Amino acid sequence: CSVGLTGTKYGCGGGGCGACTVMVSRYDPIQETVLHWSVTACLQPICSLHGAAVVTVEGIGSTKTKLHPVQERIAKAHGSQCGFCTPGMVMSMYTLLRNNPQIMNSNTENKNLNILMDNVLPLDPTQDLIFPPELLVSKPSERLCFQGEKVRWISPADLKDLIKLKAEYSNAPLLVGNTTIGPKMNLKGTVHPLVLYGGSIPELRTIKWRNNGVTVGAGCSLSVLKDVLLQGIEELGPEKSRVYQALVQTLQCLASKQIRNMATIGGNILSANPKYDLSSILAAAECTLHIVSNGNSLLIPSILFLTTNSLLQYKYNMNFSFHSEKLIANPCALQWEFVSAFRQAQRREFSFSIVNSGMRVTFRHDSNVVENLDIFYGGVGPTLVKARHTCKELMGRYSHLEKLLVVGTQLLEEEIYVPPTAPGGQEEYRKALVLSFFFKFYMQVGMNDLPLEYLSALKPFKNEVPQANHSFQTQSSNDPVGRPNVHQAALQQATGEAVYYDDIPSVKGELFVSMVTSTRAHAKIISIDASMALAMSGVVTFISAKDVPGQNRRLWFNNPEELFAEEEVICVGQIIGAIVAETREQAKRASEQVDITYEDIQPVFFTIEEAIEHQSFFDPKRKLERGNLEEGFEKADHILEGELYMGGQEHFYMETQGLIAIPKGEAGELELYVASQHAAYTQEVVGITLGIDSNKITCHVKRLGGGFGGKVMKIASLSAIAATAAYKTGRAVRCVLEREDDMLITSGRSPFLGKYKVGYLNDGTILAADITYYSNGGCTLDESSFIMEKALLHMDNGYKIPNLRGHGLVCKTYLPSYTAFRGFGGPQGLTIIESVLHEVAARCGLPVRDINMYKDEKCYTHHKQLFSPHDMVRCWNECLEKSDYTHRCLSIKQFNAHNHWKKRGISIVPLKFGIGFSKAALVNIYKDGSVLISHGGTEMGQGINTKAIQVRPAQETCPIIYTNVFFMTEIILFCMKDGCEKLMRRLEPLIKKHPQFTWQQLVSKSDMQVVEAYCQKISLSATGFFMGPHTSVDWEKSDGNAYYYFTFGACCSEVEIDCLTGDHKNIRTDIVMDVGRSINPALDVGQVEGGFVQGIGLYTIEELQFSPEGVLLTRGPSRYKIPALCDIPPQLNVHLLRNADNPHAIYSSKGIGEPPVFFGCTLFFAIKEAIAAARRERGLSESFPFSSPATAEKIRMACEDCFTRMNPPDRKVKTKPWAINV
């Protein structure tokens, strides 16, 4: 940013993440007040802000002046981890507070909040920036024109001017909220030479109440529309406002608050997207569109506008040029009239619907005969679909509602056709939703005659603010170790002062690089033509393999890795070259103009099953075994075989990958400001690429905006590319991946397939288990072999299975190579053995987990490592107690008996997770007494520096600054402690010489101690190093101490599912975690909660979809959904195990960042329990295939019923699928 305001972050470019939230204020002359709106800056055109005031996070407070109470509270309440999106959260809350200052007053009366918030700033209205007085002055309307490099922007003076302009420039888009056009311009490169802006025209925002309804201007935002409708509901009452209630129900689920503040009702209608939920309910409610053009004005029923191809003609060909429209909505006040809206999405909120529906029925007075019926569906065709034939057949013919239901479902099944080639796929699920929504509407209309066990199906899941119960053991108040101190940089993160790599000011002459990637999965590169790109304005050069001064190809454990694809591409998204230009936009546009000619090569495959068929595996293949499987299976009463598939996961760190490469101009020296979790590896790869020594390359890593393992390997290659560009041009080069490019290039967590055979006794004891693990490694090895080893080493979890064997094979496919991710193979290995235990328990009806758990004081893992499960058993027992597991199981059984269409399930699992790394730290004491610590860790939200401050030697209560140059926090703390103790031993004679002074007193008295040490030539610099006992595994003998120690835990989760839609609600989760003696309980609880929420995504929501050609389809927040607030259990309780020691780590603490991800599987198994309850009630087998993640589609289709069976397998047409499971 040229003015240096970098607090507002760029996360996705499509308004989907909220990191760029700012507050926009405008004076409303009608209401004679200033209105404040939170908006996403990435979709807010600068030209649209004429007459508005914009407040960013820097404008509300800073550590240099005065904090705003919102900033202080989010920091002190431990609400910031990596901190990248914290400014956006702050601005959302700040805007809410500006509009509703009473919220702060009501919250401060909350006793719990007062306990949490001691000594916090009160709300001070004088601290808020005033609205600029000059913007309050009413000025005559005038046409405004802005001319950019490629786009001309016109803001009409008034409605007449807009109509005139639209007649003159019929193809120019009319823009108000920019939530549809903006993402296309930002992410797809769409360019409109002329844009007409209607946001400043009062007539388009006018709202008028009439006797028969409300008229809403097309430029009215969805937020305003919602508020208007709520007002109408309050005034009319529930029976006379059914349409408004249905609209509000839909509006509450649409997008985020920021997007609803920007998006307009007119834009929503004109977008003509059947996934937009409002269309179906607007059509069902018989709303009318008032369309105005040059000299024409007419009313069009919304049904005509939304269900026919004429809309597409309006939208694209402009045969009829409309320029302004109003929406007229009637309230539905008839006694025998009913209207409802339905939707089902991948995520309950902030997600496009898979299918949506609006239905309206009118009965003849005091009868069950249908007089009028309208049924609309979105998401089952290219436009909104009306079930015309069904509605016609049902009107006036049936007086019995049950007959109406039977005939209606049959008619709908025949009429509504979802082709297998439909965008988004899921045709069977969508067809099931069509019938399920109709059945729900039938139940709503005839609820007085329904069985009691059906009624819960009519209650949609409601979002609740999560409540947490935390318990942990603290140390004495004088001991900093064990205190829940606030994150060391939390205040800077809350004020936007914390610096990330892309916040660093531009270097003089800085260039930008954009990647050119492969569009084929396996092909020979015939030619690369960059001439068109090089001819574009601002383009400096194109780089590829021939421009690499050192090595383009390097070996990674005997497997070749190419920086630039040279002769052959082996996945879609592989980097072939890069464009270097003066600006980001120029580089991005030019990279799309590089022409590459390919010749396809066979074979090409993407799935684990295809790799097994082709016997395509990376070496080494791993195996672990203990006992005698043949004997175990012979003694078993039962043999069970099965498999579990686990899908992959995108890292979705808020800060995308990137760096700045700055050539120093002397001896080939280079500086990198890089977002890396492993700076040393980045340094090594850049050195190999440039052909220079590593000592000429300096990597700076201050902090990361999230990493989760994704910024270890791929960032090294990106750094080498930027460094190559800097080497070639002699200028600094900045690389910042767009979100979609980041997801395409860098990949994520490996999909796994586990095939198992297990033998068990009638009493639930498992005697033998043989498991083969397959992972999809992608096109290169990356870290997949280590990930597979981790999975195999965790295949026993907490269970003593005497005869156990595991094979691990990494599949080589033609997808981008999968890489490290939080948990590093542990969640996959643990989940598959838990699936084995779950299936055995389901068959024998016994507490199989408890029966088979390690319980002896001394136990050996399947790789013969000695450990004590004492604390794991304690975690298990405490979790059973704190979760009230036994009583809740009975309550769930009772709930399921009294609810036919909703079911609940509960699951509890133990955890044994191996930990072990090594690192180093450098400690320097300066002459003024301050201390600088450089260490090999990376601050990315886990609080590594905060803990370091807490563990420094008690005597050394001195000012400390940290510089981070990844791995485990506790290992870095060991290194720092070692270095500090070395220094204190050197200074001990001087300390004894001045026993009456503390460190601060000595420093304040002319730095007496340090200066004397300096003069006596005592070294004030020390290196701390820590490496635990030797860890290794002999894979031939299945023997070895793989880990330094184990972190233990247990987790219990309860869920409720809607059998008709597949939606589910996470009700409650209880976690008991053994973290040893926590150095900082607040940070550790945050890591447990954060890991668990990431596990929610892994096991229930996040689904990577690839096309049959190997193209990642789910790129960006609009198509890839991570957990939102609605997915977090309303009760999320975390308890840190008390009186737990760990002699193997600093201050008896334990590593905690990675293990909790696995706990998300409790939701998966609880969902599976709920489905089993539904199937049991329907007389179906409780054994059924079910893979992770447990999406709404999988849940619904597993809850088989009369609706899912209306589309039998023999009627399915075999076609190329929309997406494949890789």
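**Exercise 1. Identify the residue in S42 that is the bridge partner of Ser907, and describe the pairing of strand S42 with its neighbours.**

Step 1. The bridge partner of Ser907 is Ser1053, which lies in S42. The strands are DSSP runs of E with at least two residues, while helices are runs of H or I with at least four residues, each numbered from the N terminus. The model is predicted, so local features need pLDDT of at least 70, side-chain atom pairs count only at pLDDT 80 or more, and totals for chains, interfaces and linings use all residues. Residues are numbered from 1 along each chain as its sequence is written, and side-chain values use heavy atoms, without hydrogens and water.

Step 2. Strand S37 (residues 902-915) pairs with S42 in the antiparallel sense over 14 bridges. Two strands count as paired if DSSP finds at least two bridges between them.

Step 3. S42 also runs antiparallel to strand S43 (residues 1064-1074), joined by ten bridges. Here Cys1052 has Asp1070 in S43 as its bridge partner. In the hairpin of S42 and S43, five residues lie between the strands, and Gly1062 takes a positive phi near 90 degrees.

**Exercise 2. Determine how many of the residues of S42 are buried.**

Step 1. Buried means under 20% relative accessible area, exposed over 50%, and partly exposed in between, with a 1.4 Å probe and protein chains only.

Step 2. In S42 (residues 1045-1058), 14 of 14 residues are buried.

Step 3. Residues pointing one way include Tyr1045 and Ser1053, those pointing the other way include Phe1046 and Glu1054, and all are buried.

**Exercise 3. Locate Glu1154 and state its contacts.**

Step 1. UniProt, in an unreviewed entry, places the feature "active site" at Glu1154. Such positions are given in the numbering used here, feature names are shortened, and annotations may be inferred rather than shown by experiment.

Step 2. Glu1154 is in the loop between strand S44 (1131-1136) and helix H35 (1161-1177). Its relative accessible area is 22%, so Glu1154 is partly exposed.

Step 3. Apart from neighbours within four places in sequence, Glu1154 is in contact (heavy atoms within 4.5 Å) with Arg822, Gly823, Phe824 and Phe913.

**Exercise 4. Give the strand order of the open sheet of four strands.**

Step 1. The order is S13-S14-S15-S16, with antiparallel pairing. The edge strands, S13 (337-345) and S16 (385-386), each pair on one side only.

Step 2. Strands S14 (residues 353-363) and S15 (residues 370-378) are antiparallel over eight bridges. Gly358 stands opposite Phe376 in S15.
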